[in-house]
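Please look through the sequence and the structure below before reading on.

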Amino acid sequence: MSEMIENQFENEPKKGFYWISIATILLVAFIWSVSSIEVQSLNESGLTIASNIFRGLMNPDLELLFGLTTGGVLYLLFETICIAFLGTIFGAILAIPIAFLMAPSVVPAPIAYIVRLVVIVIRTVPALVYGLMFIRVTGPGPFAGVLTMSITSIGMVSKLYVDIIEDLDISILESLTSMGCTTFEKIRFGIIPQLFSNFLSITIYRFDMNLRDATILGLVGAGGIGAPLIFAMNSYRWNEVGSILVGLIVLILLVEFFSNKMRARLVKG
Amino acid sequence: MMIYDKLFPPKKIILANNKVVEEKRSKTPFIFILIIIGFVISVNVTGFSFSILLNRWQEFFVILKEMIPPNIDYLPNIWKPLLDTIKMSLVGSLLGSLVAVIFAILASSNIIKSKFTAGIFKFILSVLRTLPTLVTALIATFVFGLGTMAGTIAIFLFTLSYIGKLLYEQIETINMGSFEALESMGLTRLQSFRHAIVPEILPTYLSTSLFCFEGNVRYASILGYVGAGGLGLLLNERLGWRDYSSVGMILVILAITVFIIERISEYFRKKLQ
């Protein structure tokens, strides 16, 4: 290393103290936390189970995986897709008015603040609790799952929508006004084109996430692939677990691939 | 979309100077029809019905009404599981984000010259990411036994995959010019990495880690449902007993905690940018 570079490195702003203090805080927090983690050494049964799981994953139950009955993985995945699809659509539609109410540039600041608070509360309630609430409305089954997905989507989707609404280019609206456009025309040609593709991109992203989260719904009997997966796990049928997981992983990877492509196209226009 | 343009040829407009311009047909109706078809199929499969919703929507508020007012006497029982949840996500996020650095470096094809190694690590990260956290937690309870350990493992794996992916994408899109310049001046690969790449990715890395920690607290609160420790354990028990006012209390405390953590992490993330 030449002299010159050495000198340049010497001139780098000294942030040693800053980093050391951050590291110390993290270290203290870490030690404090580790105290309550019950570290159990891997015992024999744990290892056997781990190897069983692995073997099951490697030898999935092919009949279950490719069977076309309503209990087969393909149908369950299809049902899960339907739940996530409907849930995302309803959530995305419900999120639009909420997002406008959350934007300080559209409504007075106090209203925006209150709506934000409400959305935080909506987001914090776990999906499981919503599932139980909706099962009272619809009875157990995928219908309850759809409603749960719609509610849980609202939180994140509206939060992302707001950022885009805040970024709206107002000058376009002003030029439309100066050309004598009516309010309807201003919304149709000034606002919707600016929002539409971004909103769509967010919705597709959320669909991706909902597909992943849909497994949780099975726990409370709200349909989807989660319930068979958890039953199979609790009764140690690892081959079935393997085939369901393989199906799920392939589906999610595929959907992720296509949704990334679609979103890249949307962003490029 | 080439086929689409052939099926519906572009509209031809003849301008005043006899020049012909083509306007491509909008794809919106086509996409709209696809969405409608998907909608109808999904409605049939899931048994969705508006009439049930209209007739029985009040039922949704039955549990909600029982949650209010929250049972304040239940408060002393909440603190320990709440702290467990926070600790689980702290340890999981911290370890996960540290290990993610190694994975991300090994997965980025501009640092690791072997395409095979980079591909393998990318594959591992994306498969880990597809596994729902609840499922990893359940598997972890089988292997490590019931308790906070299983939850920590699940959060660790999720954080690893999430941050790992974001980080390697960032490393791959980074401008390698300064890295190459340092290398050509005789620094080792490690030194050039330290001085050329680390300063560029560090702020984003820290802020995604914080963001992930924030989300993990939320996730960790339900992991107990499968026996992986924390608030979820309590939630599951109280829901089982239909003791909804205690559930309300748990949710109120959870909301406040998440809100505080979000505020703190937002403050630091703003400072990092």
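**Loops, helices and chains**

Tyr236(A) is placed in the loop that joins helix 11 (226–234) to helix 12 (238–268) of chain A, where helices (H or I, at least four residues) and strands (E, at least two) are DSSP runs, numbered from the N terminus. Although Tyr236(A) is not a glycine, its phi is positive, at about 55 degrees. The model is a predicted one, in which local features need pLDDT of at least 70 and side-chain atom pairs count only at pLDDT 80 or more, while totals for chains, interfaces and linings use all residues. Residues are numbered from 1 along each chain as its sequence is written, and chains are lettered from A, and ligands numbered from 1, in the order in which they are written.

Elsewhere in chain A, helix 7 (residues 127–138) and helix 10 (residues 183–217) have axes that come within 9 Å and cross at roughly 60 degrees; such axes are lines fitted to C-alpha atoms, for helices over the stretch in contact, and the angles run from 0 to 180 degrees between N-to-C directions. The crossing of these two helices of chain A is right-handed, a crossing being right-handed if the near helix is turned clockwise from the far one by less than a right angle, and left-handed if anticlockwise. Here Ala127(A), Leu128(A) and Gly131(A) of helix 7 meet Asp213(A), Ile216(A) and Leu217(A) of helix 10, with contact taken to mean that the C-beta atoms, placed from the backbone, lie within 7 Å. The residues of this contact comprise four nonpolar, one polar and one charged, in a scheme where Ala, Val, Leu, Ile, Met, Phe, Trp, Tyr, Cys and Pro count as nonpolar, Asp, Glu, Lys and Arg as charged, and the others, Gly among them, as polar.

In chain B, the loop between helix 4 (60–67) and helix 5 contains Pro69(B), and the peptide bond leading from Ile68(B) to Pro69(B) is cis, with omega near 0 degrees. Helix 5 (residues 75–107) of chain B and helix 12 (residues 244–272) of chain B have axes that come within 10 Å and cross at roughly 45 degrees. The two helices of chain B are therefore oblique to each other, given that angles under 35 degrees count as roughly parallel, over 145 as roughly antiparallel, 65 to 115 as roughly perpendicular and the rest as oblique. In this contact Leu75(B), Ile78(B) and Leu82(B) of helix 5 meet Met249(B), Ile250(B), Ile253(B) and Thr257(B) of helix 12, and its residues divide into six nonpolar, one polar and no charged.

Helix 5 of chain B also packs with helix 8 (residues 148–173) of chain B, at an angle of about 35 degrees and with the axes 6 Å apart. Helix 5 of chain B passes helix 8 of chain B in a right-handed crossing, and the residues of their contact are 16 nonpolar, ten polar and one charged.

Between the chains, the contact draws 51 residues from chain B and 52 residues from chain A. On the side of chain B that touches chain A, 35 residues are nonpolar, twelve polar and four charged. For the complex, the predictor gives an ipTM of 0.80 and a pTM of 0.83.

Definitions and conventions:
Contact = placed C-beta atoms within 7 Å.
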